[in-house]
Amino acid sequence: MRKTFLSAAAAALALCGGAALAQDKPVQLKLSSWVPAQHALNPALQAWAEDIKKASKGTITSTLFPSEQLGKAFDHYDMARDGISDFSYVNPGYQPGRFPIFAASSLPFMVSNAKAGSAAIDAWYRQYAAKEMKDVHFCFAFAHDPGALHARKKVLLPTDIKGMKIRPATSTIGQMVTTLGGTNVQSSAPEARDMLERGVADAITFPWGSLILFGIDKVVKYHMDAPLYVTPFVWVMNNDKYNAMSTAQKRSSTTTAPASGPRRSAVPGPTSRLPAAARSPPRPGTRSTSSRPSS
C-alpha cells in the first residue's frame, strides 16, 4: 500500500496544481487517515508531508491523525469537505450510490496489480472528478493490491455465496454479493473483525496485505486465492484550505512527491479500456479457493 501511495503521488499530484516565497504565511495541515497507526500508508503520508515542508521552505507543516482520530472511515470525504481535516484518505465505496462513476473502478476481475491499476484508475477518473467530487479538491486516485474473499467456512463455487452474510469492500462488490444470493453487512475496515467475531458476518472481501493489521486472520479460516477485486481510494483536500494558499504553496503541496515513483499512464475512456497490465480476466468459477487456515 505504501509503495502504491507514493507511486500515485509522484505521478498524479503534479496534475493537482517551486518553492514557496519568503513572505508566504505559515500553513498548518491536518492529514486524516483511518487505517491503524502501524499501517504502511501512514509513513508514506508522513514522508510526503516532509517533502512538502522542504519544498515550501518550511511554510507548510502537517500533522497526521491516523486510526480514525478525527472521525470515522465512512466520514472522511465529508471531513475534507467541511474542514475537519485538510487532507483525507477516502474510500468512496463506503457510501453506496454517492459516487457511481468512481464505483466502476471496483468491478470484479478488472485489476491484477496495484501499480498498473492505480495509474489506470487515476488517469480514467481524472476527467470525472471535478463533477462527481466537486465538494473537495481532488488530488489523485489509487488502489491496493487485489483483494479476495476470506470466510469462516469453505467457499468453492459461486453458488456457495447464497445465504451467506458478507462484508463487501465497496458498494460495487456488494452488488456482486447480492447477485449471487448473499446478504451485505456494511462496516468499515476497522470495524470488520468485530462483525466477523460476533457472527454478524460470515465472510469478508479484504486485501491480503491488511489481514493481520486489522486482525482478520484471527477470525476467518478460508481464503480465495484469486485477484477478485481492488478497492480504489482517493486523496482529497479541503477546497477553502487549498484556495487560501499562495500560488507557490499550491505548487509545493500539489507537485511534491518522491522522485522514485513511476509515471502515470494516460488511459482515456471507460474502465473497460484499462491497459492489459492492469486487468485480470475472470477465472472459471471460484475453484481457486484455498482451504488453508489463517496464520
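Let's start with helix H5 (residues 114-132), which lies across S4 and S10 and runs at about 150 degrees to S4. Keep in mind that this is a predicted model.

What sort of sheet do those strands belong to? An open one of 5 strands, with mixed pairing and the order S2-S1-S3-S10-S4. Strand S2 (60-65) and strand S4 (136-143) sit at the edges with a single partner strand each, so one side of each has no neighbour in the sheet. From one strand to the next, the twist averages 20 degrees.

Now for the pairings. Strands of a sheet are held to each other by backbone hydrogen bonds, in either a parallel or an antiparallel arrangement. Here, S1 and S2 go parallel, paired over 6 bridges. Look for Ser32, whose bridge partner in S2 is Phe65. On the S3 side, S1 is joined to S3 by 2 bridges, and these two strands also run parallel. Ser32 turns up again in this pairing, standing opposite Ser88 in S3. Move along to strand S3 (residues 87-90) and strand S10 (residues 232-238), and the sense is antiparallel, over 4 bridges. There, Val90 stands opposite Val234 in S10.

Helix H2 (residues 41-55) lies across strand S1 (27-32), S2, S3, S4 and S10, and its direction is at about 170 degrees to S2.

Key
Residues numbered from 1 in each chain as written. Predicted model: local features only at pLDDT ≥ 70, side-chain atom pairs only at ≥ 80, totals over all residues. Heavy atoms only, no water. Pairing = 2+ DSSP bridges. Axes fitted to C-alpha atoms, helices over the stretch in contact; angles between N-to-C directions. Contact = heavy atoms within 4.5 Å.
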